[in-house]
Amino acid sequence: MIDAALQRFIELAATLGLHYDFLLSGTEVRSWLAGMGTTLLLVALAIPLSLAAGIAFAAALTSGRPWLALPVRAYVELTRNTPTLVQLMFAFFALNMLLSRALGGAAHNPFTPFFWVVAVTGLHVAAFHAEALRGGIEAVPAPLVEAAQATGFSSLEILRFVTLPLALRTALPALVNNLVNLVKLTTIGSAIAVGEVTYASIMIWTQRDNVLELMIGILLFFGLINLTVSRIGRLVERRLAVPGYGA
Amino acid sequence: MSAAALPARGALRWAWPWLAAACSAILLWWLLDARLTRDLLDWLPYLASGFAMNVLISMLAMTLGTLGGVALGAMELSATRIVRAPAVAYVQVFRNAPHLVLIFATTYIFPFEIIVAGHYLPFPDWLKAVLGLAIPAAAYVAEIARGAIQSVPTTQWDAAKGIGLSRGQTLRWIILPQCLRRALPPWMNLYASITMSTALASLVGVHELLHAATDASTAVRRDDFTIAIYLTVLLAFFLFCYPISRLTRRLERHLARR
Amino acid sequence: MAQDFANRPNLVDLQDVHLSFGEVEVLKGIDLTVAKGDAVSIIGPSGSGKSTILRCINGLAQPQAGRITVAGVRVDTLRSEAERIALRKRIGVVFQQYNLFPHLTVLENITLAPVRILKVPRAEAEGHARDLLARVRLADKVLAYPGELSGGQQQRVAIARALAMRPELVLFDEVTSALDPEMVGEVLAVIRELVREGLTSILVTHEMRFAEEISDTIAFTENGRIVAQAPPAELFYRSDNPRIRQFIGGFQGFRDAVQDREGI
């Protein structure tokens, strides 16, 4: 049944000049699917990391404590204004190397290339989240914060129960945008041989010279992930919408 | 603006000495470690030629992307579906596409030379990278252009007609200036973002800064040099992009206040 | 509304409180006492420091000099945020702009602080909240969001929110100034009832008639000082201070009342 449909698709694509016969080769399909799986795993780990770190950074930026805000501000500016790929290279070739040496050789270093991709892309996008959330926190009217103070909330409780929930709502479109970028950023994992979908595709097309066919597949795959991310974003936006606040 | 904004904006101002301290720490390190400094200086011209390639790619990609994007943005606003649909589809597909994938695509799909009027013209990889980045840039510019055009209220057209301006004059003197002012900050953001994406071209063998740094690192094969060289690459991009992002934010604030 | 304030302990005691914001001297020696169970209104021209007095009482503003004692706590000597927070839990505040949390329902607005700060069990806090909402006549708005309520309704929710912490003292800061005229009555009715039940409160207000009706004493502020503190009848009708007479006379309706009583 599936085989027949596949056969039909390959024939149809062939009439357009596209050669999808590699889909009949079990090993190549398996490695391609494994690549997609790795990409999904990267995304699934990096998204929560970016959100958690973004919230922490935003809290530091708005804490009013210079010793906390300044280093985070420096990190945010550095991250936003340098290429993620260079950050990854630096993390993998410099930091990872130092770590290996400190731990007594690469064999003792538990940090894999996969880890570095999640960490670098997640923390990179966290800087963008932090800026969006900071804007949202600062947009909360000062009297509202004062009302919470007068009730006896500490500054951390005010952040958790009042300013952050409101900031999440105003920043949500920007956050979703950042997450779409995060999904796309995971492709740089191929630079350090993390077997995500781009890397898996390179492995296939060096054998078969079917770049265009694989490209269409990759673009559809990322289109689908990002469609899902934006859909979920809009769903959350609707769920969180409150009458009389924001747009 | 709330009172809470004050400490954060203060922090931005306070970040300058902090950054200066970090830079001077790196400088000090270079000065103290004479061998490292000498090696870095040896490689500096090579790195500089690499970075010139980044700037060249970013400028060409942005020029092409802007031309294509403005056309696409205008198409998106067309009343005719046949004109609108392809533009909307283009923007949808290429905004969601990873830049790296597009650079791979243009590099491997286009031939290494093209035949124009019987002449074989070389089609180098760096030019393919330009195209690979111009494709998503056009999609982003289309969105910026559409937003800018839509931000000008239609009553402006009526008002201009009211004081006796022709359609062309209205476009030239009333509508376009407002559009440009609105579009400039996001366009500059995009330029910075495309510039940072030029580093991806190293992965298809284009001789740009990151590629040059990798060359240097493998040639020298010393840990301290590897760390220093990648820090230099980060610093180069930072020094190029940070002023742009500062200026963009200034413009945004200026725009928000009016 | 007993007048024997000499026999009851003072819940609030301000002595010679001075406060400046930079160059601007806002409070120039405030003396004010509020006995337990009393309602004290602070009236006076705009910019005379009325709201700042309230902010000093719950530690939102820090005076440069003077003594502030609230329920046995020396507010002016509190140094840590934790101490100020402990104080604020005992003092309710109702603001001019309501300041309800827009992302929370009416019920959540009221239960947030008791549940999160006082660690009251949620069921108990919600029961109390429903009782309070019934008292402010909003029992049917439990699940509404602030954005769905009128100004008067929001202000009554804000009163319920302040009461949910079972405060020993409630500060009302010009609570009707932002309201449309037709909604002022419903809010004042709620406050009147609370005061009758013995709630200790300090009200900054422009509603002269209301202040006269419910207050045990009225303090008149002018230019950073309290120039008089006396029972309403005394302050309104027997004051020989020309500024007070002029200020009160400025409010239409009062002039008539004063003229009626004085038989002019």
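Q: How many residues does helix α4 of chain A have, and what distance does α4(A) reach from its first C-alpha to its last?
A: Helices here are DSSP runs (H or I, at least four residues), numbered from the N terminus. In this predicted model, α4(A) covers residues 84-102, and its reach is close to the 27 Å expected at 1.5 Å a residue, where the expected span is 1.5 Å times one less than the number of residues. The helix has 19 residues and reaches 25 Å.

Q: At which residue does α4(A) bend?
A: The bend at a residue is the angle between axes fitted to the seven residues ending there and the seven starting there. For α4(A) this angle is about 30°, and the residue is A:Ala91.

Q: Which residue with a positive phi follows α4(A)?
A: The phi in question is near 85°. The residue that follows the helix is A:Gly104.

Q: What area is buried between chain A and chain B?
A: Contact (heavy atoms within 4.5 Å) takes 46 residues from chain A and 43 residues from chain B. Buried area is the accessible area (1.4 Å probe) that two parts lose on being put together, summed over both. Carbon and sulfur atoms give 78% of the total, which is about 3,800 Å².

Q: Which residue of chain B meets the side chain of A:Glu77 in a salt bridge?
A: A salt bridge is a side-chain nitrogen of Lys or Arg within 4 Å of a carboxyl oxygen of Asp or Glu, and the count between chain A and chain B is three. For A:Glu77 the N to O distance is 3.0 Å, and the partner is B:Arg249.

Q: Which helix gives the most residues to the side of chain A that touches chain B?
A: Helices α3 (66-80), α4, α5 (113-139), α7 (155-185), α8 (197-208) and α9 (211-240) of chain A each supply at least two residues of that side. The one that gives the most, with 10 residues, is α4(A).

Q: Which residue of chain A forms a salt bridge with C:Arg55?
A: Chain A and chain C bury about 2,000 Å² between them, 70% of it on carbon and sulfur atoms. One salt bridge is found across this interface. Its closest N and O atoms are 2.5 Å apart, and the partner of C:Arg55 is A:Glu146.

Q: Which helix gives the most to the side of chain A that touches chain C?
A: Both α6 (142-151) and α7 of chain A supply at least two residues of that side. The greatest share, eight residues, comes from α6(A).

Residues are numbered from 1 along each chain as its sequence is written, with chains lettered from A and ligands numbered from 1 in the order in which they are written. Local features need pLDDT of at least 70 and side-chain atom pairs count only at pLDDT 80 or more, while totals for chains, interfaces and linings use all residues; side-chain values use heavy atoms, with hydrogens and water left out.
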